[in-house]
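Please consult the sequence and the coordinates while reading.

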Amino acid sequence: MLAIPIFLPLISGMFIFFLATVGRKWQEGLTRRLSILVMTLVMITALVHFGNLFWGSSDLTIWYLKKDIPVYFSIDAMGLVFSTLVVFAWILVTLYTFSYMEEDKKAARFLGCHLMTLGTLMGITSAGNLVTMYLFYEGMTLVTIGYVVHAQTKEAIAAGYKYLFYSIIGAFLGLVGFFYIYQFGTTLAFVPGGVLEAGKIAGHETLLRVVILGMIIGFGSKAGMFPLHGWLSTAHPVAPAPASAILSGVNTKMGVLAIIRVIYYIAGPEFIRGSFVQYVGIFLTLLTVFMGSMLAYKERIMKRRLAYSTVSQVSYILFGVLLLHPLALVGAMLHVIYHSVIKNNLFLCAGAVIHQTGSTRVEEYRGIGKRMPVTMICFTMASLALVGIPPFSGFVSKWELCMGALASGIGFAKIAGPVILLISALLTAGYLLTVSVHAFYDKPVQDKFCEADYKMLLPMIILAILALGLGIFAEPVLSFMTNVVSQVL
């Protein structure tokens with residue numbers, strides 16, 4: 001039962017992708033039936049996943065790479081948060097995809113990549129040790145290249161190469177860390193508090209901290225952290241909107257999860273507390289927050305603007321993770337959920353505008369609110385949440401992050417953290433809310449009503465309601481995340 005949510009979509013996606021690449025005649029007229037099949041597989045994955053949570057899933061060892069290196073699955077509280085997020089996002093984005101890709105002749109190949117990506121992400125969130133997480137993390141890179149190069153234009157192919165280049169650098173840094181952890185750790189399994197053995201690491205502390213910093217930067221490539229952030233702004237404009245939603249709202253969180261595993265389950269927070277690893281990491285995250293917001297403010301292509309926004313917002317999460325304080329970690333975990341809900345919605349809204357009107361630039365959104373009112377209302381609600389205006393959800397997570405920074409005891413983080421987060425929020429208002437103002441108050445280029453169909457609108461409406469509802473009814477989520485953090489610490 002634990003293996004089904006991982007291998008059912010993975011194997012099914014491989015089969016669909018293979019059929020889509022060996023010939024095209026069989027695809028004629030099968031897009032609708034294939035869509036039903038894909039949605040069925042996604043729902044089975046979701047039901048089995050939630051069944052595992054309800055009945056309690058046992059550990060599962062697939063095979064041994066070496067006698068002491070098993071490929072091993074086990075869902076803990078941290079994995080539960082991320083795996084549930086993956087499943088929920090997949091149901092909504094998949095429904096949206098059927099309408100968005102209806103006229104695309106390469107839809108079958110995209111759906112194959114889509115299913116394989118679901119399988120690899122469930123493998124990452126269910127991994128019980130470092131080697132299992134690393135294998136599926138690299139598998140995620142291979143299958144999501146199909147997202148980036150889907151259009152097969154010159155720009156898409158170039159973006160695919162860039163995405164692969166950044167991913168290889170990150171994977172190299174992660175692999176180097178794996179070898180050192182194997183040498184100096186008691187186990188490769190994820191253990192709250194860390195696995196480094198005091199006797200083995202004596203005299204090697206500085207080397208190990210350098211390696212841990214390298215792993216944080218390496219896994220930070222998927223999370224869009226400076227200096228390995230450049231692929232996002234190149235990949236998003238060329239990828240289909242559902243792919244952009246997944247890459248930004250979900251895949252970036254796998255980089256966050258990998259960094260959490262390294263800091264809290266492998267190295268241990270006490271090993272890096274007060275060291276150059278923590279201070280350099282905090283500096284890089286704050287730099288990324290500010291830089292991403294500035295680049296988004298200046299960008300005129302909507303999907304690239306949202307990509308730079310992701311660069312900034314995911315580093316909010318990493319900032320909270322690296323503060324090594326319970327309040328900050330709670331804020332980071334809340335922002336994992338809230339940012340995924342918000343950014344999925346923003347990319348789906350932008351995709352709906354592109355699908356219906358072909359508008360890709362910010363200035364082309366003038367008056368679009370009168371032609372696509374529901375889409376732009378959803379966009380505005382998500383924008384308010386991302387800025388952090390109460391009672392929207394983003395306010396709750398950013399409040400906890402600021403409180404965590406003030407309570408952390410780290411001098412420059414206590415001052416620079418809240419200040420940069422506030423500046424970033426103001427810039428976010430500048431590059432998102434101005435779009436909504438012009439969309440509803442400017443005169444449209446033409447008066448033709450062109451709202452998206454229900455399969456595209458329903459996911460956007462659900463996500464917009466959640467962006468508000470998770471802020472108004474924040475207490476249950478806050479209580480749950482506090483319990484998760486207490487188990488981690």
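The questions below concern helix packing, individual residues and backbone geometry.

This is a predicted model, in which local features need pLDDT of at least 70 and side-chain atom pairs count only at pLDDT 80 or more, while totals for chains, interfaces and linings use all residues. Residues are numbered from 1 along each chain as its sequence is written, and side-chain values use heavy atoms, with hydrogens and water left out.

Q: How are α4 and α5 oriented to each other?
A: Helices here are DSSP runs of H or I with at least four residues, numbered from the N terminus. The axes (lines fitted to C-alpha atoms over the stretch in contact, with angles from 0 to 180 degrees between N-to-C directions) of helix α4 (residues 107-126) and helix α5 (residues 130-148) come within 8 Å and cross at roughly 160 degrees. Angles under 35 degrees count as roughly parallel, over 145 as roughly antiparallel, 65 to 115 as roughly perpendicular and the rest as oblique. The two helices α4 and α5 are therefore roughly antiparallel.

Q: How do the residues of the contact of α4 with α5 divide into nonpolar, polar and charged?
A: Contact means heavy atoms within 4.5 Å; the residues that make it include Phe110, Cys113 and His114 of α4 and Met133, Phe136 and Tyr137 of α5. Ala, Val, Leu, Ile, Met, Phe, Trp, Tyr, Cys and Pro count as nonpolar, Asp, Glu, Lys and Arg as charged, and the others, Gly among them, as polar. The division for α4 with α5 is eleven nonpolar, eight polar and no charged.

Q: How many of the residues of α4 are buried?
A: Buried means under 20% relative accessible area, exposed over 50%, and partly exposed in between, with a 1.4 Å probe and protein chains only. Helix α4 is mostly covered. The number of buried residues in α4 is 20 of 20.

Q: How far apart are the end C-alpha atoms of α4?
A: The expected span of a helix is 1.5 Å times one less than its number of residues. For the 20 residues of α4 this should give 28 Å, and the end C-alpha atoms agree with that. Their separation in α4 is 29 Å.

Q: How is α3 oriented to α4?
A: Helix α3 (residues 77-100) packs with α4 at an angle of about 170 degrees, and their axes are 9 Å apart. That makes the arrangement of α3 with α4 roughly antiparallel.

Q: How do the residues of the contact of α3 with α4 divide into nonpolar, polar and charged?
A: Among the residues making this contact are Phe82, Val86 and Trp90 of α3, with Leu111, Leu118 and Met122 of α4. The contact of α3 with α4 divides into eleven nonpolar, seven polar and no charged.

Q: Is Val38 buried or exposed?
A: Val38 has its place in helix α2 (residues 31-55). Not counting residues up to four places away in sequence, Val38 touches Ile16, Thr94, Phe98, Leu111 and Leu115. Because its relative accessibility is 0%, Val38 counts as buried.

Q: How are α17 and α18 oriented to each other?
A: Helix α17 (residues 393-407) and helix α18 (residues 411-441) pack with axes 8 Å apart at an angle of about 160 degrees. In their contact, Leu401, Cys402, Ala405 and Leu406 of α17 meet Ala413, Lys414, Pro418 and Leu421 of α18, a set of seven nonpolar, no polar and one charged. The helices α17 and α18 are therefore roughly antiparallel.

Q: Which residues is Ser383 in contact with?
A: Ser383 is found in helix α16 and is buried, with a relative accessible area of 0%. Leaving aside neighbours within four places in sequence, the contacts of Ser383 are Leu346, Leu432 and Leu433.

Q: What is the peptide bond from Pro390 to Pro391?
A: Pro391 lies in the loop between α16 (373-387) and α17. With omega near 10 degrees, the peptide bond from Pro390 to Pro391 is cis.

Q: Is Leu324 buried or exposed?
A: Leu324 lies in the loop between α13 (302-322) and α14 (326-357). Although Leu324 is not a glycine, its phi is positive, about 60 degrees. Because its relative accessibility is 5%, Leu324 counts as buried.
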